[in-house]
Amino acid sequence: MLEGQSVNYQTPDQSLVDLVEADPTPGVSLSPDRKQMLLMRVPPMPSIEQVSQKELRIGGLRINPMTNGGSRSRYYVGLTLAPVGEGAEREVVGLPEEAHLENVSWSIDGAHIACTHTTTDGLELWVVDVASAKAKRLGVFYLNDAMPGLPLAWFPDSKKLLIKQIPVGRGGAPVESVVPTGPVVQENQTGSAPVRTYQDLLKNPHDEDLFSYYSTSQAAVVDVASGATVPLLDPGINWGQSISPDGQYIMMTRIKKPFSYIVPYYRFAQEVAIFDLNGREVRRLGDIPAAENIPKGFNAVRTGPRSFGWRADRPAMAYWVEAQDGGDPKKESAVRDQLFLLDAPFTSEAQASITFSLRYAGIDWGDESLAIANEYWWSTRQEIVSAFNPSATEPEKEVLFDRSYEDRYTDPGSFQTTRNQYGRSVLLQTARGELYLTGMGASPEGNRPFVDRFNMETKTSERLWRSEAPTYEIPIGFLNEDAGTILTRREQREVQPNFHIRNLKTDELTQITHFPNPYESLKGIKKELIKYQREDGVDLTGTLYLPAGYDAERDGPLPTLMWAYPREFKSKDAASQVRNSPHEFLRLYYGSPIYWITRGYAIFDNFAMPIIGEGDEEPNETFTTQLVQGASAAIDKIVEMGVTDRNRIGVGGHSYGAFMTANLLAHSDLFAAGIARSGAYNRTLTPFGFQAEERTYWEAPDVYYTMSPFMHADKIKEPLLLIHGEADNNSGTYPMQSERFYAALKGHGSTVRLVMLPAESHGYRARESIMHMLWEQDTWLEKHVKNANKKRIKP
């Protein structure tokens with residue numbers, strides 16, 4: 001092929017097409033009382049014409065200027081109501097033709113469902129009456145959905161909605177002058193600003209004007225019965241709009257100028273204030289400057305107030321936390337964060353509550369005497385879960401769990417919640433004050449989800465139920481206050497996931513949905529959890545898939561595709577743990593390697609690639625060594641099993657998995673070829689940290705150099721397929737990463753192919769793009785793996 005030549009979109013083998021175009025399973029949303037399920041019909045893949053619509057990439061946002069909404073949001077094309085239990089399904093009628101539904105939200109009382117419908121003019125507000133299963137549009141206005149978060153929220157009375165509306169009379173979008181008024185200048189005189197490599201940032205005053213224009217909204221209250229709207233305050237860049245549990249106050253988070261050119265919108269200057277329903281500001285909670293100089297490290301945070309919210313168990317009590325260590329994880333401090341509470345009418349000083357020795361990670365509110373506090377610390381992987389009395393003048397925490405969050409085998413699970421009188425989620429408690437926990441139940445046999453009852457006095461758990469082989473069953477939530485029944489999602493290797501009601505007292509099981517298996521053509525394939533060991537003693541696992549009817553003795557070893565994603569650990573024991581279940585239903589997504597089971601390959605998917613650094617040792621100090629050890633051990637195992645031809649093994653991955661793939665080709669001779677999608681290959685282009693690496697390039701230049709396959713392009717002799725979205729906005733994975741890496745490989749005479757997918761981001765969406773990606777990978781594997789004739793020699 002000539003350099004830079006374009007090709008038309010291609011279509012892969014029909015066996016791959018059939019799988020990728022299988023009807024998707026509907027999305028499911030439970031009503032607040034958990035008596036109704038909303039089944040949300042998922043559309044087929046969008047066309048490249050849809051994906052290629054004009055898009056603004058400003059301030060860390062991606063906005064469709066035609067609709068004033070997100071340009072890459074997920075949507076639904078139909079709604080069906082189904083009872084949780086006995087009864088018939090009811091299709092929601094009255095929805096617009098060619099529905100494009102987003103922002104689906106149940107009312108507090110479960111009587112209505114709000115959503116948006118996207119048109120060429122903007123986002124309309126629609127409401128479904130659950131009793132009649134009829135939908136109607138509210139008003140003749142359009143919503144502003146440019147900022148993350150829902151553009152609508154229900155008041156506790158379920159009669160009104162708080163919305164973000166396009167300001168009336170806003171006028172046309174700013175037009176960029178063709179004549180510059182001067183240069184764009186950035187300057188730093190004092191203080192350091194070690195920020196990570198962000199994309200889609202503001203670049204000039206016109207970007208600022210566009211950001212203001214499209215993100216500015218009018219907060220308004222909409223009456224559900226009439227559709228009448230009442231403006232609440234002056235238009236502004238309303239990021240967060242949160243209604244107090246009693247519905248009497250609104251907490252607003254607004255972005256303000258000056259904007260930043262080096263960080264995304266969520267680190268811009270902000271103001272947080274509480275307003276009454278007349279739009280009067282009753283308390284300013286914070287004027288927060290732009291976070292351009294947050295200290296370095298994963299536990300680094302802004303100084304001043306942050307993480308604002310409402311106590312779920314009180315009518316109108318605001319809370320937030322403030323760093324007590326300057327937000328700097330490198331600073332020694334016995335107290336990292338402090339919780340503050342402020343009750344209505346917000347005229348007094350905030351009350352200092354509990355402190356955190358680690359970084360604040362959220363609170364589960366219960367009642368006047370019980371709340372659960374969560375905190376964690378990145379560098380040690382420590383987490384602490386504590387109980388405290390939020391009403392106490394000087395509350396003290398009582399530690400419930402103090403553990404490593406890497407250790408999945410000892411994970412106690414998450415506390416379960418129920419709805420209180422305000423419709424807010426609070427801790428589900430028994431009459432004796434016991435709580436409930438559900439979790440994934442990781443074990444050496446794989447995940448076995450569970451339900452426990454937790455005794456607050458003895459700090460012990462009683463097992464009420466656990467998923468049993470050969471089924472994989474996940475608890476979704478309790479269906480009644482006495483916790484006697486739970487909703488679960490139940491599946492097996494070849495049995496499509498469906499929802500069931502399980503009685504914990506009688507163990508009776510009732511299936512309530514009957515979604516069909518979309519992958520009938522994959523029935524009969526063999527799936528097995530494989531265990532093996534790295535040469536340094538680390539136990540590893542991976543999931544092996546073999547074609548239906550395959551027999552190793554009769555058919556001999558197969559060409560094999562291996563797919564993985566490296567992960568960092570601080571403990572060998574944690575790195576050795578099993579991280580999935582052999583009984584899960586086989587799920588496919590656009591980038592799955594499992595498609596090639598239909599093309600005669602063995603697939604070794606998600607084979608473990610832990611990168612371990614215990615104690616003071618950083619995992620990345622021996623990154624490439626551990627990569628090669630992990631891959632070598634995996635290959636030895638599946639070759640020993642007789643299912644894999646050592647000379648015909650391909651390796652691939654997406655994002656950090658692509659980075660892994662390039663490094664394996666650079667530092668070993670284990671593979672016949674590689675596939676690397678949307679990766680980063682030169683770490684000097686991400687100098688202030690990447691993935692789990694906290695150190696900067698200047699602190700660890702040898703690590704950055706050694707880990708960068710770009711620096712070792714001269715060592716890559718195996719064929720490498722590079723695929724990248726032209727509009728990738730993931731931090732660090734600029735499209736330039738693949739372009740420069742391709743140039744380096746081409747310059748050294750390597751066999752390499754670069755495919756840039758128009759309009760695609762870090763993940764791919766358009767049907768044409770996905771079909772072409774599959775065609776590229778299939779063609780590459782058929783040529784360089786299945787039909788490889790070069791003998792591979794293990795180092």
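1. Asn 299, leaving aside residues up to four places away in sequence, touches Gly 327, Pro 329, Arg 359, Tyr 376, Trp 377, Trp 378, Ser 379 and Glu 694, where contact means heavy atoms within 4.5 Å. The model is a predicted one, in which local features need pLDDT of at least 70 and side-chain atom pairs count only at pLDDT 80 or more, while totals for chains, interfaces and linings use all residues. Residues are numbered from 1 along each chain as its sequence is written, and side-chain values use heavy atoms, with hydrogens and water left out.

2. Asn 299 lies in the loop between strand E19 (281–288) and strand E20 (305–310), strands being DSSP runs of E of at least two residues and helices runs of H or I of at least four, numbered from the N terminus. At 3% relative accessibility Asn 299 counts as buried, a term that means under 20% relative accessible area, with exposed over 50% and partly exposed in between (1.4 Å probe, protein chains only). The side chain of Asn 299 reaches the backbone nitrogen of Trp 378 at 2.6 Å.

3. Thr 485, in strand E35 (residues 485–492), is counted as buried because its relative accessibility is 16%. Its side chain and that of Asn 480 are joined by a polar contact of 3.3 Å, that is, a pair of N or O atoms within 3.5 Å, of which, within protein, one must be able to donate a hydrogen and the other to accept it, and residues adjacent in sequence count only if both atoms are side-chain atoms. Beyond neighbours within four places in sequence, the contacts of Thr 485 include Phe 478, Ile 501 and Arg 502.

4. The largest nonpolar core has 57 residues, of which Met 562, Phe 604, Phe 607, Leu 664, Phe 671, Leu 722 and Phe 741 touch the most other members; such a core is a set of buried Ala, Val, Leu, Ile, Met, Phe, Trp, Tyr and Cys residues joined through side-chain atoms within 4.5 Å. Apart from it lies another core, of 35 residues, among them Tyr 519, Ile 594, Met 773 and Leu 774.

5. Helix H10 (residues 767–786) has 20 residues, which at 1.5 Å a residue should span 28 Å, and its end C-alpha atoms are 26 Å apart, which agrees; the expected span is 1.5 Å times one less than the number of residues. H10 is mostly covered, with 14 of its 20 residues buried.
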